[in-house]
Amino acid sequence: MAARIDLVTLVVAEYDPAIAFFTEVLGFELAEDSPSLTNDGRPKRWVVVRPPGGGTGLLLARADGDRQQAAVGDQVAGRVGFFLRVDDFDATYRRMVEAKVEFVKPPRTEPYGRVAVFRDLAGNPWDLLGPT
C-alpha cells in the first residue's frame with residue numbers, strides 16, 4: 001500500500017500575504033486557491049502552495065477565532081517544525097537574504113547537510129537544508 005502526506009496545515013493571519021511569501025520569496029507554486037465554506041457556512045478559501053516539483057504541500061488556513069489566531073507564528077511551540085530542502089543551498093540562502101527573510105541562525109554544516117534557521121512571515125521557525 002502506497003501512502004504519503006499530501007498536505008500540512010499552516011495557520012496564517014491572512015491569505016494573500018502568506019501566498020506572496022511562499023510564492024514570491026520561497027519560490028513555491030500556488031497549486032490551488034478556491035472559494036470554500038467553513039463548517040458553519042462562512043466564506044473561506046482553500047489555498048495550497050507546494051515547493052517546485054511537487055511533494056508535500058502547505059494548506060494555508062486563515063486563523064478563525066482567538067485560539068487559532070494565537071497559533072499564528074507559533075505552530076509548533078517555538079520549535080523548528082518545517083524543513084525546506086533545496087539542491088543549491090548557497091544560492092537559495094543568498095536569494096532569501098536579499099528578500100529580507102529573517103535568519104535566526106547562520107548557516108552551519110551538520111552530518112545531514114548545510115542548515116540555517118529562518119522565520120516565515122508569521123514567525124514560525126524553519127530549517128533551510130541543503131547538501132554539504
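**View 1. Strands β4 and β5 in the lining of the second largest pocket.** In this predicted model, the strands β4 and β5 (82-85) each contribute at least two residues to the lining of the second largest pocket. Of these strands, β5 provides the largest share of that lining, with four residues. The space within the second largest pocket comes to about 230 Å³.

**View 2. Residues around the second largest pocket.** The lining of the second largest pocket is made up of V8, F28, V49, P51, T56, G57, L58, F82, F83, L84, R85 and W126. Sorted by class, this lining holds nine nonpolar, two polar and one charged residues.

**View 3. The largest pocket and the residues nearest its centre.** The largest pocket, with a volume of about 300 Å³, has a lining of 17 residues. Among these lining residues, T38, K44, R62, D64 and Q68 are the ones that lie nearest the centre of the pocket.

**View 4. Strands and residue classes in the lining of the largest pocket.** Two strands, β3 (43-50) and β4 (57-62), each supply at least two residues of the lining of the largest pocket. When the lining of the largest pocket is divided by class, seven residues are nonpolar, four are polar and six are charged.

Definitions and conventions: Residues are numbered from 1 along each chain as its sequence is written. This is a predicted model: local features need pLDDT of at least 70, side-chain atom pairs count only at pLDDT 80 or more; totals for chains, interfaces and linings use all residues. Side-chain values use heavy atoms; hydrogens and water are left out. On a 1 Å grid over the protein atoms alone, a cavity is a set of points where a 1.4 Å probe fits but cannot get out, and a pocket is an open set with protein on both sides within 12 Å along at least five of seven lines; lining residues have an atom within 4 Å of a point. Grid points are joined across faces, edges and corners, and a volume is the space filled by probe spheres set on the points. Ala, Val, Leu, Ile, Met, Phe, Trp, Tyr, Cys and Pro count as nonpolar, Asp, Glu, Lys and Arg as charged, and the others, Gly among them, as polar.
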